[in-house]
Amino acid sequence: MRVPLGFSVLEASWRFNIAHACVCGGRGRCSTCRIRIVGDRGGLPEPSPREIAVLERAGYGEDEAVRLACQLRPKADVVVVPLLPPNADASHAVGNRHPHTGEERYVVSMFVDMRGSTKMAEGRMPFDTVFIINRFIGAVSQAVIEAGGEPNQFLGDGILALFGLETKPGTASRQALRAASLIAANVERLNQQFGEELSEPIRFGIGIHGGEVIVGDIGYREHVVFTALGDAVNVTARLQEMTKALDCEVVFSDEVRKAAGLPSDAMPTVEVPIRGRVEPLIVRTARTAAVLATPVESVATAAPLL
Ligand code: FES
């Protein structure tokens with residue numbers, strides 16, 4: 001197969017419709033895409049600390065010929081053999097950190113939605129559309145992980161991320177707001193990379209809210225996902241939708257603002273009706289997600305994250 005420089009081995013498989021196990025969707029978490037390099041591997045990029053950690057957990061720490069197909073971006077010809085069958089499921093994955101039967105806890109949830117993906121698909125090869133959406137999802141997921149959260153569910157071109165599965169509400173709120181500013185930076189970088197290939201830049205909307213929810217494994221047989229259920233998550237989805245009407249990139253609840261320790265004049269306030277609630281919800285808006293970087297940074301410096 002001949003692919004553009006910069007593709008991962010997994011993306012090469014996708015491009016040529018070669019079935020390749022990838023339980024985590026190419027996010028470098030499950031190890032199911034692992035491959036063995038056949039022959040010379042001298043010219044390959046070194047694995048990142050993250051790739052090394054996942055391979056170690058999968059039991060390949062000592063075997064330098066085994067790599068993650070989703071992380072390896074070869075710069076020269078390479079011969080590989082996938083180590084798992086294409087239908088390998090979550091039982092083969094490492095990092096199943098939350099085998100939960102159900103518990104109630106405070107979680108800050110974040111919905112991120114890519115704008116205009118349907119329009120973008122017009123006149124484009126399906127592969128190109130999927131490639132761009134995957135790059136967007138990658139950019140968002142990377143920001144979420146860097147801030148300390150977990151990408152949790154992928155809903156077409158949208159993502160649900162969770163913060164606070166192992167931290168307190170204040171930390172989780174700051175992490176979520178920081179993730180929003182990192183998403184802005186990552187998407188800006190993507191827009192620069194794609195340049196004129198896009199008729200207009202990739203845009204997005206983000207909703208953030210916190211509350212007591214039920215977290216647990218939901219699904220059937222091998223189609224089980226760990227996720228959060230509850231009113232707070234539904235409200236977060238609504239806040240994300242409101243970014244369109246409020247003409248901004250981020251809408252977050254005042255509760256998140258307070259928990260994060262941001263000053264009361266940090267961002268414009270709006271009262272919005274929420275279905276099923278008598279009282280309107282006080283929310284804050286950020287016209288661009290990038291503007292959140294400075295206030296979040298200042299509170300983190302004043303009172304460092306635990
Ligand atoms: S697809 Fe999960 S680690 Fe590569």
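Reader: Which residues form one aromatic cluster?

Author: In this predicted model, the cluster consists of Phe7, Phe131 and Phe194. Two aromatic pairs are counted.

Reader: How is one to read the geometry of the rings of Phe7 and Phe131?

Author: One considers the distance between the ring centres and the angle between the planes; planes under 30 degrees apart count as stacked, and those over 60 as edge-to-face. The centres of Phe7 and Phe131 are 5.3 Å apart and their planes meet at 15°, so this pair is stacked. Phe131 and Phe194, by contrast, form an edge-to-face pair, with 6.4 Å from centre to centre and 80° between the planes.

Reader: Which parts does each pair tie together?

Author: Phe7 belongs to the segment before helix H1 (9-15) and Phe131 to helix H4 (residues 126-147), so their pair ties together parts 124 residues apart in sequence. Phe194 lies in helix H5 (residues 169-194), so its pair with Phe131 of helix H4 links parts 63 residues apart in sequence.

Reader: Are these residues buried or exposed?

Author: Phe7 and Phe131 are buried, and Phe194 is buried as well.

Reader: What is the order of the strands in the open sheet?

Author: The three strands follow the order E2-E1-E3, and their pairing is antiparallel. Strands E2 (66-68) and E3 (79-82) each have a single partner strand, so one side of each lacks a neighbour in the sheet. From one strand to the next, the twist averages 40°.

Reader: How many bridges join strand E1 to E3?

Author: Four bridges join E1 (residues 34-38) to E3, and the two strands run antiparallel. Val38 stands opposite Val79, a residue of E3.

Key:
Residues are numbered from 1 along each chain as its sequence is written. This is a predicted model: local features need pLDDT of at least 70, side-chain atom pairs count only at pLDDT 80 or more; totals for chains, interfaces and linings use all residues. Side-chain values use heavy atoms; hydrogens and water are left out. Two strands pair if DSSP finds at least two bridges between them. Axes are lines fitted to C-alpha atoms, for helices over the stretch in contact, and angles run from 0 to 180 degrees between N-to-C directions. Rings of Phe, Tyr and Trp (its six-membered ring) pair if their centres lie within 6.5 Å; planes under 30 degrees apart count as stacked, over 60 as edge-to-face and the rest as tilted. Buried means under 20% relative accessible area, exposed over 50%, partly exposed in between (1.4 Å probe, protein chains only).
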